[in-house]
Structure formats: C-alpha cells, structure tokens
Amino acid sequence: MAGDFMSAVRLGLCTALLAGSLAACGAGLKSQKDAPLDDLPPEEIYKRGELILETARKPGDSLRYFSEVERLYPYTEWAKRGLIMQAYVLHKSKEYEEARIAAQRYLDFYPGDEDAAYATYLMALSYYDEIDEVGRDQGLTFQALQSLRAVIEQYPDSEYAKSAMMKFDMAFDHLAGKEMEIGRYYLKRRNYTAAINRFKVVVQDFQTTTHTAEALHRLTEAYLALGFTDEAQTAAAILGHNYQSSPFYEDSFRLLKGQGLAPEAKGTGWLATIYRQMIKGEWL
C-alpha cells in the first residue's frame, strides 16, 4: 500500500517536471522567435531566416528576418539578399501583389545586380501564377505576358528565359481560349456576327495557339449559317491545308458537303487574304 502511494507520488512528480520542462522549452522557443534582433549581426539574422524557411511549415514565418536585416542594415550585401528573399517568400506564400512590390523595390535599388533577372522573373511569375480560370477577367494574363516578355527580352541568356518563354506561350494560349469561349457562347445563341468577330481574333492574332483549328471550323459553321459560302469555303480550305488530320476539318468538310460545297479559297475577304499569306506566301 505504502509502495503504491510512493509510486503514485513519484509519477506525479515526474509528470509535473516533464510538463514544466515542455512549458519552459515552448516559452524559450517563443521568446527566441519574438526576441528583438537589433543586437544581432546581419549575417546571423539572415541565416536564421534561411533556417526557418527550410524548416518551418509556413514559409512566411521567415519573412520577419529578411525584412529586419534590410531595415537594420540598409545598403549592405545582407540587406540586398534580404530584399530578394522577401520577394521569394511572399510569392511562395501566394502574397502575389506584395511579392511584386518587393521585386520592384529590388529592381529600383539594384537594377544592375546579378539577381535582377530573378527579380524580373519573380515579377512575371507573380502575375502568371495568379491567372485564374479561362472564364475570368484576363487583365492579369496581359500583365503576365508583358512581364514574361521583359524577362525574355532583357535577359535572353539567363536561366529564367526558357521558363519565361514556355509560360508566355501558355498565357498566350489562355487569351485565345477566352476568345473561343465567348465565340462559342455567341454561336450557341445564333448571334453569328458576334461569334465571327471572336473567332476572327483567334485566327488573325493567335495563329500559333492550340485554338486555331477550332476557330476556323467555327468560322465555317457561322458563315454557312449566314449564307456566306465563299467565306465558309475559304475558312475550311485554310483548315484543311494546316490541320487536315484534325476532327474539326472533318466536321467542316461534312458541313460543306451537305450543301454541295467543298473547301476552296474564294472571294476577296479577310479570310482570302489569310489564305494567300499562309498558303501562297503572298504578303503584299
């Protein structure tokens, strides 16, 4: 009985000591995290930020250190590093607007630095990663294209140029997809003129995207619905020349055949001009 009592007492003491140790440890970590950094050298502040960035669950936890090293030691090498890391951490945390502000500050302060290419790429990436679904506003897509072009043109030999070119093509395709979506909407509601205007933009301005074949087919469909057979035949002729294996060409061919027509360049409209340029190489 006495032995059981002493065992219980010892267990209680151990539990209390353990709880106290854990509380002290937690308080120590909290105090270290919230401790002022004014008396620390810049390298140590920066390295603490790097360590937290690598180990913490939230990358944003490291932001304080990169911000403080810039504030406490402005115009130093560590301040410069801290600023580019702020842009990186903010982008990683999906704080895109703040990331752009930090990247722009870096470019304002250090335009000729070796990391200027990366800051410019981060600017572009912050727009690109914010691009939403095709059905949403496309203003960010235009911003992404402009920023990606800046990377490609200003830093063509950098390690970021290739990635920027790939993302540029994808953003460009995204814009064409928006035009196609609106065009299909009008076509479904038999607003053929409005639909044609959208598909025309794709054919004229987005020829290198994945949407051109469908745009030509939809033009064939819309022009036939309006009775403009020359334009419909010409659209199908361009489609057949460039995308003969596409199912869209098969659909256009079937539509024309149903009206006793065939893919053939006819007339003098805008599609005939496209045909002469693309197929015959007549640019004048």
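Me: Which hand does the crossing of α10 and α12 have, left or right?
Reply: The model is predicted: local features need pLDDT of at least 70, side-chain atom pairs count only at pLDDT 80 or more, and totals for chains, interfaces and linings use all residues. Residues are numbered from 1 along each chain as its sequence is written, and side-chain values use heavy atoms, leaving out hydrogens and water. A crossing is left-handed if the near helix is turned anticlockwise from the far one by less than a right angle, and right-handed if clockwise. By this criterion, the crossing of α10 and α12 is left-handed.

Me: Are α10 and α12 roughly parallel or roughly antiparallel to each other?
Reply: The axes of α10 (residues 212-226) and α12 come within 9 Å and cross at roughly 15°. Axes are lines fitted to C-alpha atoms, for helices over the stretch in contact, and angles run from 0 to 180 degrees between N-to-C directions. Angles under 35 degrees count as roughly parallel, over 145 as roughly antiparallel, 65 to 115 as roughly perpendicular and the rest as oblique. The two helices are therefore roughly parallel.

Me: What should the 14 residues of helix α11 span?
Reply: Helix α11 covers residues 229-242, where helices (H or I, at least four residues) and strands (E, at least two) are DSSP runs numbered from the N terminus. The expected span is 1.5 Å times one less than the number of residues. The end C-alpha atoms of α11 agree with the expectation, which is 20 Å.

Me: Is His91 buried or exposed?
Reply: His91 lies in helix α4 (residues 77-92). Beyond its neighbours within four places in sequence, its contacts are Tyr96, Ala99, Leu122, Leu125, Ser126 and Asp129. Buried means under 20% relative accessible area, exposed over 50%, and partly exposed in between (1.4 Å probe, protein chains only). Since the relative accessibility of His91 is 12%, His91 counts as buried.

Me: What is the relative accessible area of Ser62?
Reply: Ser62 sits in the loop between α2 (42-55) and α3 (63-72). Not counting residues up to four places away in sequence, Ser62 touches Gly49, Ile52, Leu53 and Val89. Ser62 is buried, with a relative accessible area of 0%.

Me: What is phi of Lys94 near?
Reply: Lys94 belongs to the loop between α4 and α5 (96-109), and Lys94 is exposed at 60% relative accessibility. Most residues other than glycine have a negative phi. Phi of Lys94, by contrast, is positive, near 65°.

Note on methods:
Contact = heavy atoms within 4.5 Å.
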